[in-house]
Amino acid sequence: VPPSGQPRLLVLAHVNVVDVTTGSVRRDYNVTIAGDRIAALEASTQLRRPADAQVIDARGKYLIPGLVDMHVHGSDERFLNLFVANGVTSVRLMWGTPLHLNWRKRIDSGELQGPRLSIASPVVDGPKPVWPGSTVVADARSAKDTVGQVKGGGYDFVKIYNRLPREAYFALLDEAKVQGLAVAGHVPLALSAAEASDAGQKSIEHLTGILLAASSQERQLRQQSLSALTGGEAGKGIDSKTRRILREMNERLLATYDPSK
(Lines give C-alpha, C1' and ligand atoms only; values in the text may rest on other atoms or scores of the structure.)
Protein backbone atom coordinates (compact mmCIF):
# COMPACT_ATOMS: atom_id res chain seq x y z
CA VAL A 1 0.00 0.00 0.00
CA PRO A 2 1.54 3.36 -0.98
CA PRO A 3 1.95 6.15 1.60
CA SER A 4 -1.20 8.18 2.18
CA GLY A 5 -1.89 10.66 -0.62
CA GLN A 6 0.54 9.07 -3.08
CA PRO A 7 -0.62 7.16 -6.19
CA ARG A 8 -0.03 3.43 -6.50
CA LEU A 9 3.01 2.68 -8.66
CA LEU A 10 2.80 0.06 -11.39
CA VAL A 11 5.78 -1.03 -13.49
CA LEU A 12 5.42 -2.86 -16.79
CA ALA A 13 8.84 -4.46 -17.01
CA HIS A 14 10.72 -5.46 -20.19
CA VAL A 15 7.87 -4.41 -22.47
CA ASN A 16 8.19 -3.40 -26.13
CA VAL A 17 6.73 0.10 -26.51
CA VAL A 18 5.17 0.97 -29.87
CA ASP A 19 5.98 4.63 -30.59
CA VAL A 20 3.09 5.70 -32.83
CA THR A 21 4.63 9.12 -33.56
CA THR A 22 7.66 7.60 -35.31
CA GLY A 23 6.40 4.14 -36.24
CA SER A 24 9.25 2.54 -34.31
CA VAL A 25 9.37 0.05 -31.43
CA ARG A 26 11.37 0.70 -28.28
CA ARG A 27 12.37 -2.76 -27.15
CA ASP A 28 12.87 -3.95 -23.57
CA TYR A 29 11.63 -0.90 -21.70
CA ASN A 30 10.23 -0.38 -18.23
CA VAL A 31 7.14 1.83 -18.02
CA THR A 32 6.26 3.21 -14.59
CA ILE A 33 2.67 4.34 -14.04
CA ALA A 34 1.69 6.50 -11.06
CA GLY A 35 -2.07 6.53 -10.59
CA ASP A 36 -3.46 7.37 -14.04
CA ARG A 37 -0.26 8.92 -15.45
CA ILE A 38 2.89 7.53 -17.08
CA ALA A 39 5.68 8.63 -14.71
CA ALA A 40 8.71 7.16 -16.48
CA LEU A 41 9.65 5.33 -19.65
CA GLU A 42 13.25 4.11 -19.83
CA ALA A 43 15.29 1.19 -21.08
CA SER A 44 15.05 -1.62 -18.55
CA THR A 45 18.81 -1.53 -17.93
CA GLN A 46 18.63 2.13 -16.88
CA LEU A 47 15.65 2.28 -14.56
CA ARG A 48 15.70 1.16 -10.93
CA ARG A 49 12.29 -0.16 -9.99
CA PRO A 50 10.65 1.53 -7.01
CA ALA A 51 10.62 -0.84 -4.04
CA ASP A 52 6.91 -0.33 -3.33
CA ALA A 53 5.73 -0.80 -6.93
CA GLN A 54 3.64 -3.61 -8.33
CA VAL A 55 5.72 -5.15 -11.11
CA ILE A 56 4.26 -6.98 -14.09
CA ASP A 57 6.68 -8.97 -16.25
CA ALA A 58 5.68 -7.93 -19.79
CA ARG A 59 8.61 -9.58 -21.51
CA GLY A 60 7.74 -10.38 -25.15
CA LYS A 61 4.60 -8.21 -25.08
CA TYR A 62 3.83 -4.86 -26.69
CA LEU A 63 2.42 -1.65 -25.24
CA ILE A 64 0.39 0.75 -27.40
CA PRO A 65 -1.72 3.84 -26.69
CA GLY A 66 -5.39 3.15 -26.06
CA LEU A 67 -7.40 2.76 -29.26
CA VAL A 68 -10.54 4.77 -30.00
CA ASP A 69 -13.56 3.33 -31.84
CA MET A 70 -15.15 6.44 -33.37
CA HIS A 71 -18.47 4.96 -34.49
CA VAL A 72 -20.28 2.47 -32.28
CA HIS A 73 -23.91 1.39 -31.83
CA GLY A 74 -25.04 -0.97 -29.10
CA SER A 75 -27.45 -1.58 -26.26
CA ASP A 76 -25.97 -4.60 -24.44
CA GLU A 77 -23.59 -3.74 -21.62
CA ARG A 78 -22.11 -7.24 -21.64
CA PHE A 79 -19.99 -6.26 -24.63
CA LEU A 80 -18.38 -3.23 -23.00
CA ASN A 81 -15.53 -5.11 -21.35
CA LEU A 82 -14.56 -6.58 -24.74
CA PHE A 83 -13.53 -3.09 -25.87
CA VAL A 84 -11.14 -2.82 -22.93
CA ALA A 85 -9.87 -6.37 -23.41
CA ASN A 86 -8.93 -5.50 -27.00
CA GLY A 87 -7.20 -2.22 -26.17
CA VAL A 88 -10.10 0.10 -27.06
CA THR A 89 -10.14 2.56 -24.17
CA SER A 90 -12.50 5.15 -25.69
CA VAL A 91 -15.71 4.72 -27.66
CA ARG A 92 -17.90 7.21 -29.54
CA LEU A 93 -21.54 6.11 -29.32
CA MET A 94 -23.37 7.49 -32.36
CA TRP A 95 -26.97 7.20 -31.15
CA GLY A 96 -27.16 8.03 -27.48
CA THR A 97 -29.96 7.18 -25.07
CA PRO A 98 -30.46 7.47 -21.29
CA LEU A 99 -29.22 3.85 -21.12
CA HIS A 100 -25.80 4.95 -22.39
CA LEU A 101 -25.66 7.87 -19.98
CA ASN A 102 -26.28 5.38 -17.17
CA TRP A 103 -23.47 3.16 -18.49
CA ARG A 104 -21.05 6.08 -18.29
CA LYS A 105 -22.08 6.88 -14.73
CA ARG A 106 -21.53 3.26 -13.68
CA ILE A 107 -18.20 3.01 -15.53
CA ASP A 108 -16.98 6.21 -13.86
CA SER A 109 -17.97 4.86 -10.43
CA GLY A 110 -16.22 1.53 -11.04
CA GLU A 111 -19.44 -0.50 -10.91
CA LEU A 112 -19.19 -1.42 -14.62
CA GLN A 113 -16.07 -2.20 -16.63
CA GLY A 114 -15.91 -0.41 -19.95
CA PRO A 115 -14.16 2.25 -22.04
CA ARG A 116 -14.55 6.01 -21.76
CA LEU A 117 -17.77 6.97 -23.52
CA SER A 118 -18.45 9.96 -25.76
CA ILE A 119 -22.21 9.91 -26.26
CA ALA A 120 -24.17 11.42 -29.15
CA SER A 121 -27.70 12.70 -28.84
CA PRO A 122 -30.58 10.64 -30.18
CA VAL A 123 -30.55 10.99 -33.98
CA VAL A 124 -31.88 14.35 -35.18
CA ASP A 125 -33.60 14.03 -38.56
CA GLY A 126 -36.17 15.92 -40.62
CA PRO A 127 -39.84 15.15 -41.23
CA LYS A 128 -40.50 11.51 -42.18
CA PRO A 129 -37.20 10.40 -40.59
CA VAL A 130 -35.23 7.41 -41.79
CA TRP A 131 -35.25 5.63 -38.41
CA PRO A 132 -38.02 5.14 -35.84
CA GLY A 133 -37.34 6.97 -32.61
CA SER A 134 -35.51 9.88 -34.23
CA THR A 135 -35.94 13.41 -32.97
CA VAL A 136 -37.82 15.19 -35.74
CA VAL A 137 -36.76 18.78 -36.49
CA ALA A 138 -38.59 20.66 -39.23
CA ASP A 139 -37.56 24.31 -38.78
CA ALA A 140 -35.12 26.72 -37.14
CA ARG A 141 -37.13 27.14 -33.94
CA SER A 142 -37.39 23.42 -33.23
CA ALA A 143 -33.69 23.02 -34.14
CA LYS A 144 -32.65 25.48 -31.43
CA ASP A 145 -34.99 23.88 -28.90
CA THR A 146 -33.53 20.46 -29.71
CA VAL A 147 -29.97 21.63 -29.09
CA GLY A 148 -31.05 22.89 -25.67
CA GLN A 149 -32.60 19.52 -24.90
CA VAL A 150 -29.43 17.71 -25.96
CA LYS A 151 -27.33 19.95 -23.73
CA GLY A 152 -29.72 19.56 -20.81
CA GLY A 153 -29.85 15.81 -21.26
CA GLY A 154 -26.12 15.43 -20.71
CA TYR A 155 -25.14 14.29 -24.20
CA ASP A 156 -21.75 15.26 -25.62
CA PHE A 157 -22.68 16.24 -29.16
CA VAL A 158 -25.59 16.38 -31.62
CA LYS A 159 -26.02 13.54 -34.13
CA ILE A 160 -27.70 14.64 -37.39
CA TYR A 161 -29.15 12.65 -40.26
CA ASN A 162 -30.16 12.65 -43.92
CA ARG A 163 -33.50 14.46 -44.04
CA LEU A 164 -32.76 17.49 -41.88
CA PRO A 165 -33.93 20.59 -43.82
CA ARG A 166 -31.46 23.37 -44.73
CA GLU A 167 -33.01 26.01 -42.49
CA ALA A 168 -33.08 23.65 -39.54
CA TYR A 169 -29.51 22.47 -40.19
CA PHE A 170 -27.91 25.92 -40.12
CA ALA A 171 -29.97 27.01 -37.13
CA LEU A 172 -28.92 23.85 -35.30
CA LEU A 173 -25.23 24.46 -36.07
CA ASP A 174 -25.47 28.06 -34.89
CA GLU A 175 -27.19 27.13 -31.63
CA ALA A 176 -24.76 24.26 -31.02
CA LYS A 177 -21.87 26.74 -31.15
CA VAL A 178 -23.64 28.92 -28.60
CA GLN A 179 -24.20 25.88 -26.35
CA GLY A 180 -20.63 24.60 -26.78
CA LEU A 181 -21.68 21.37 -28.48
CA ALA A 182 -20.19 19.71 -31.55
CA VAL A 183 -22.39 18.46 -34.39
CA ALA A 184 -21.54 15.23 -36.20
CA GLY A 185 -23.25 12.68 -38.42
CA HIS A 186 -24.47 12.44 -41.98
CA VAL A 187 -24.48 15.30 -44.47
CA PRO A 188 -28.19 16.04 -45.00
CA LEU A 189 -29.33 15.74 -48.61
CA ALA A 190 -30.43 19.39 -48.63
CA LEU A 191 -26.85 20.69 -48.55
CA SER A 192 -23.39 19.90 -49.85
CA ALA A 193 -20.43 18.40 -48.03
CA ALA A 194 -18.58 21.69 -48.55
CA GLU A 195 -21.42 23.61 -46.88
CA ALA A 196 -21.37 21.19 -43.96
CA SER A 197 -17.63 21.64 -43.55
CA ASP A 198 -17.87 25.44 -43.76
CA ALA A 199 -20.70 25.45 -41.22
CA GLY A 200 -18.49 23.64 -38.70
CA GLN A 201 -19.85 20.09 -38.74
CA LYS A 202 -17.27 18.13 -36.75
CA SER A 203 -17.32 14.88 -38.72
CA ILE A 204 -18.94 13.32 -41.78
CA GLU A 205 -19.81 9.74 -40.91
CA HIS A 206 -19.41 7.06 -43.62
CA LEU A 207 -18.24 9.85 -45.98
CA THR A 208 -21.90 10.61 -46.73
CA GLY A 209 -22.12 13.26 -49.42
CA ILE A 210 -18.47 13.00 -50.45
CA LEU A 211 -18.98 11.00 -53.66
CA LEU A 212 -21.80 13.38 -54.56
CA ALA A 213 -19.49 16.36 -53.88
CA ALA A 214 -16.96 14.89 -56.31
CA SER A 215 -19.49 14.58 -59.17
CA SER A 216 -19.54 17.01 -62.08
CA GLN A 217 -23.36 16.76 -61.83
CA GLU A 218 -23.52 17.40 -58.08
CA ARG A 219 -26.37 19.91 -58.19
CA GLN A 220 -28.62 17.86 -60.46
CA LEU A 221 -28.00 14.62 -58.59
CA ARG A 222 -28.63 16.26 -55.21
CA GLN A 223 -31.99 17.52 -56.43
CA GLN A 224 -32.84 14.06 -57.71
CA SER A 225 -31.87 12.59 -54.34
CA LEU A 226 -34.14 15.03 -52.53
CA SER A 227 -37.05 14.11 -54.80
CA ALA A 228 -36.49 10.38 -54.41
CA LEU A 229 -35.80 10.12 -50.69
CA THR A 230 -38.24 12.42 -48.89
CA GLY A 231 -41.19 10.04 -48.86
CA GLY A 232 -41.91 6.90 -46.89
CA GLU A 233 -42.20 6.13 -43.22
CA ALA A 234 -39.48 5.45 -40.70
CA GLY A 235 -38.50 1.82 -40.57
CA LYS A 236 -40.57 0.80 -43.63
CA GLY A 237 -37.61 0.54 -45.99
CA ILE A 238 -37.71 1.66 -49.61
CA ASP A 239 -39.88 0.34 -52.40
CA SER A 240 -38.63 -1.26 -55.62
CA LYS A 241 -39.13 1.92 -57.65
CA THR A 242 -37.02 4.02 -55.28
CA ARG A 243 -34.40 1.29 -55.13
CA ARG A 244 -34.11 1.37 -58.92
CA ILE A 245 -33.75 5.17 -58.89
CA LEU A 246 -31.01 4.92 -56.26
CA ARG A 247 -29.13 2.32 -58.26
CA GLU A 248 -29.25 4.50 -61.37
CA MET A 249 -28.11 7.52 -59.34
CA ASN A 250 -25.14 5.60 -57.92
CA GLU A 251 -24.12 4.59 -61.43
CA ARG A 252 -24.26 8.25 -62.48
CA LEU A 253 -22.23 9.29 -59.45
CA LEU A 254 -19.45 6.91 -60.43
CA ALA A 255 -19.64 7.87 -64.10
CA THR A 256 -19.45 11.59 -63.35
CA TYR A 257 -16.64 11.44 -60.80
CA ASP A 258 -14.43 14.52 -61.27
CA PRO A 259 -10.93 14.36 -59.69
CA SER A 260 -10.64 18.16 -59.69
CA LYS A 261 -13.80 18.46 -57.58
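**Assignments and their grounds**

Me: Why is Asp-19 called buried?

Reply: The model is predicted. Asp-19 has a relative accessibility of 12%, and buried means under 20%, so Asp-19 counts as buried. Asp-19 is found in strand E1, residues 9-19. Leaving aside residues up to four places away in sequence, Asp-19 touches Ser-24 and Arg-26.

Me: What makes Ser-90 a buried residue, and which residues does Ser-90 touch?

Reply: The relative accessible area of Ser-90 is 18%; the limit for buried is under 20%, therefore Ser-90 is classed as buried. Ser-90 has its place in strand E7, residues 88-93. Not counting residues up to four places away in sequence, Ser-90 touches Leu-67, Val-68, Asp-69, Pro-115 and Arg-116.

Me: Is Arg-106 buried or exposed?

Reply: Arg-106 counts as buried, because its relative accessibility of 17% falls under the 20% limit. Arg-106 is found in helix H2, which covers residues 98-109. With residues up to four places away in sequence set aside, Arg-106 touches Glu-77, Glu-111 and Leu-112.

Me: How do you know that Gly-133 is exposed?

Reply: Exposed means over 50% relative accessible area, and Gly-133 has 63%, so Gly-133 is exposed. Gly-133 lies in the loop between strand E9 (124-125) and strand E10 (135-136). Gly-133 and Ala-234 are 101 residues apart in sequence, yet their C-alpha atoms are 8.5 Å apart in space.

Me: Why is the pair of Tyr-169 and Phe-170 called edge-to-face?

Reply: A search of the whole structure finds 1 aromatic pair. Tyr-169 and Phe-170 form this pair, with 5.2 Å from centre to centre and 90° between the planes.

Me: What are the accessibility classes of Tyr-169 and Phe-170?

Reply: Tyr-169 is buried, with a relative accessible area of 0%. Phe-170 has 28% relative accessibility; this value lies between the limits of 20% and 50%, so Phe-170 counts as partly exposed.

Me: How does the radius of gyration of the chain stand against that of a compact globule?

Reply: A compact globule of 261 residues would have a radius of gyration near 18 Å, whereas the chain has 24 Å. The C-alpha trace spans about 70 × 40 × 35 Å along its principal axes. The chain has 8 helices and 13 strands, and 39% of its 261 residues count as buried.

Me: What share of the contacts join residues at least 24 apart?

Reply: Among contacts between residues at least 6 apart in sequence, the share is 62%.

Definitions and conventions: Residues are numbered from 1 along each chain as its sequence is written. This is a predicted model: local features need pLDDT of at least 70, side-chain atom pairs count only at pLDDT 80 or more; totals for chains, interfaces and linings use all residues. Side-chain values use heavy atoms; hydrogens and water are left out. Helices (H or I, at least four residues) and strands (E, at least two) are DSSP runs, numbered from the N terminus. The radius of gyration is taken over C-alpha atoms; the globule rule is 2.2 Å times the number of residues to the power 0.38. Buried means under 20% relative accessible area, exposed over 50%, partly exposed in between (1.4 Å probe, protein chains only). Contact means heavy atoms within 4.5 Å. Rings of Phe, Tyr and Trp (its six-membered ring) pair if their centres lie within 6.5 Å; planes under 30 degrees apart count as stacked, over 60 as edge-to-face and the rest as tilted.
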